[in-house]
Amino acid sequence: MSMYALLRSSGEPPTEEQIEESLAGNLCRCTGYRPILDAFRVFAKTDDLLYTKTSFESTSAGELICPSSGKPCSCGEGTANRRDNSVCVKRYSPVLYNKIDGNLYVEKELIFPPELILRKNMPLYLHGFGGVKWYRPLKFQHVLDLKSCYPDAKLVVGNTEVGIETKFKNAQYQVLISVTHVPELNILSMTENGLEIGASVRLTLLQQFLRKVIMQHPVEETSSCKAILRQLKWFAGNQIKNVASVGGNICTASPISDLNPLWMAAGAIMRIINCKGTVRTIPAKEFFLGYRKVDLANDEVLLSVFLPWTRSSEFVKEFKQAHRREDDIALVNAGMLRQDTGTRTARYRVVPLKPKSPCAETRRCLVTPRRNEVTPRLPTRDEATPPLPAQE
């Protein structure tokens, strides 16, 4: 299903990297990934000659030799002329899978229903079991009104965190407000000083937006954008990133968040609005108060995140270590900012996974300006590994 979705949504044959990324969210514990990737990699080809051991050769008479059978054939001329005991290579022209008009498909494959695309969005209000209320407003003012009436209401976008809390942690939320269709929370814009990212923006859309920004702006301004884009690659599978939002990941304030250390290291600014319409800003490093705690009152909503451009003297770097690279939570992650002062000193800002982890010692060594000839001392493996408890 993941491969089918990739082929149907791509305007041209996907690359091998896109195929691997699309399958990263599928956990296969029976046959393993390698044979699956090898089977799907054939869709990335643009020329059949790349998948043959040798290129087409010709005889003295000018006949083409098929590299599969070693016999004369006409497959090199662009036609599929199958003969007995011979295998020819048929070339296919690229197929546009993202056309809406089903008449363009000779195979008559199913397409996304056009009536759903053209359907007008409507505000929703649903009742659930046990008195649970679920709202989907379309206007931001309605979100503030609902938040004023229900201060303990939970705002949801992709339900990637709330769903886990309710199913596995027995969390109870009587009022849920879906903010997926609120325009003010889905802003993606470039300003003179940086990027404005709405709280409801999906991570997949953020990836696409950052790629365009990196191509359009100077290298020295997009160091933080590149770090966030690299971290998003290992954040989760495409299935999760298609629905998970920027604000949801921030407000969860999980200690294993891959992006929150980068927001802090890059000097991001959180824009918060209360039910009365008053907007305040707070640096990301001050927004996170502790384990799953943020500086957000019950009558407040995270509006957007402002990511400033990096200067020519700044360099942002991400870090994540997990049991496996794809689709796994972090054991250790961090966001790092290096600032060159123009002299023989440099400033560092390191945001570790946990304040009391071994990374805190790294941060203590790096935040103090040092001369270039002095290398900050990092904790050794024995120092970084906590001692095992004594066995009785």
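A residue is called buried when its relative accessible area is under 20%, exposed when it is over 50%, and partly exposed in between, with a 1.4 Å probe and protein chains only. By this criterion, buried residues make up 37% of the 392 residues in the protein chain. The structure is a predicted model, in which local features need pLDDT of at least 70 and side-chain atom pairs count only at pLDDT 80 or more, while totals for chains, interfaces and linings use all residues. Residues are numbered from 1 along each chain as its sequence is written, and side-chain values use heavy atoms, with hydrogens and water left out.

## Overall architecture

The protein chain contains 14 helices and 18 strands; these are DSSP runs numbered from the N terminus, with helices being H or I of at least four residues and strands being E of at least two. A contact denotes heavy atoms within 4.5 Å. Among the contacts in the protein chain with a separation of 6 or more, 52% join residues 24 or more positions apart.

Helix α5 (residues 140-149) has Phe140, Val143, Leu144, Leu146 and Lys147 as buried residues. They lie on the same side of α5 because they cover an arc of only 160° around the axis, the arc being that of the directions from the helix axis to the C-beta atoms. The cover over these buried residues of α5 includes the strands β5 (133-136), β6, β7 (175-178), β10 (269-274) and β14 (300-308).

## The two pockets

A pocket is defined on a 1 Å grid over the protein atoms alone, as an open set of points where a 1.4 Å probe fits, with protein on both sides within 12 Å along at least five of seven lines; lining residues have an atom within 4 Å of a point. Grid points are joined across faces, edges and corners, and a volume is the space filled by probe spheres set on the points. In the residue classes, Ala, Val, Leu, Ile, Met, Phe, Trp, Tyr, Cys and Pro count as nonpolar, Asp, Glu, Lys and Arg as charged, and the others, Gly among them, as polar.

| Pocket | Volume | Lining by class |
|---|---|---|
| Largest pocket | about 1,400 Å³ | 25 nonpolar, 12 polar and 12 charged residues |
| Second largest pocket | about 800 Å³ | 6 nonpolar, 13 polar and 5 charged residues |

The largest pocket has a volume of about 1,400 Å³. It is lined by 49 residues, of which Glu161, Gly248, Asn249, Cys251 and Thr252 are the closest to its centre. At least two lining residues come from each of β6, α6, α10 (246-252) and β14, and α10 gives the most, with 5 residues. The largest pocket lies between domain 2 (120-178) and domain 3 (186-373), because both give residues to its lining; the domain bounds come from an automatic or database domain assignment.

Asn249, one of the residues closest to the centre of the largest pocket, lies in helix α10. Asn249 is buried because its relative accessible area is 16%. Beyond its neighbours within four places in sequence, Asn249 is in contact with Phe235, Ser257, Leu259 and Asn260.

The second largest pocket holds about 800 Å³ of space. Its lining has 24 residues, and those closest to its centre are Leu6, Ser9, Ser10, Gln208 and Asn238. Two or more lining residues come from each of α1 (2-9), α2 (16-23), α7 (203-216) and α9 (238-241), with α7 giving the most, at 6 residues. Domain 1 (1-46 + 97-119) and domain 3 (186-373) both give residues to this lining, so the second largest pocket lies between them.

## Loop residues

Gly237 is found in the loop between α8 (223-233) and α9. With a relative accessible area of 2%, Gly237 is buried. The C-alpha atoms of Gly237 and Ser22 are separated by 7.2 Å, although the two are 215 residues apart along the chain. Not counting residues up to four places away in sequence, Gly237 touches Gly25 and Asp327.

Thr15 occupies the loop between α1 and α2 and is partly exposed, at 43% relative accessibility. Thr15 and Phe43 are 28 residues apart in sequence and 8.3 Å apart in space, C-alpha to C-alpha.

Most residues other than glycine have a negative phi. Asn159, in the loop between β6 (154-156) and α6 (162-168), has a positive phi near 65° and is partly exposed at 42% relative accessibility. Arg292, in the loop between β12 (288-290) and β13 (293-294), has a positive phi of about 55° and is partly exposed, with a relative accessible area of 29%.
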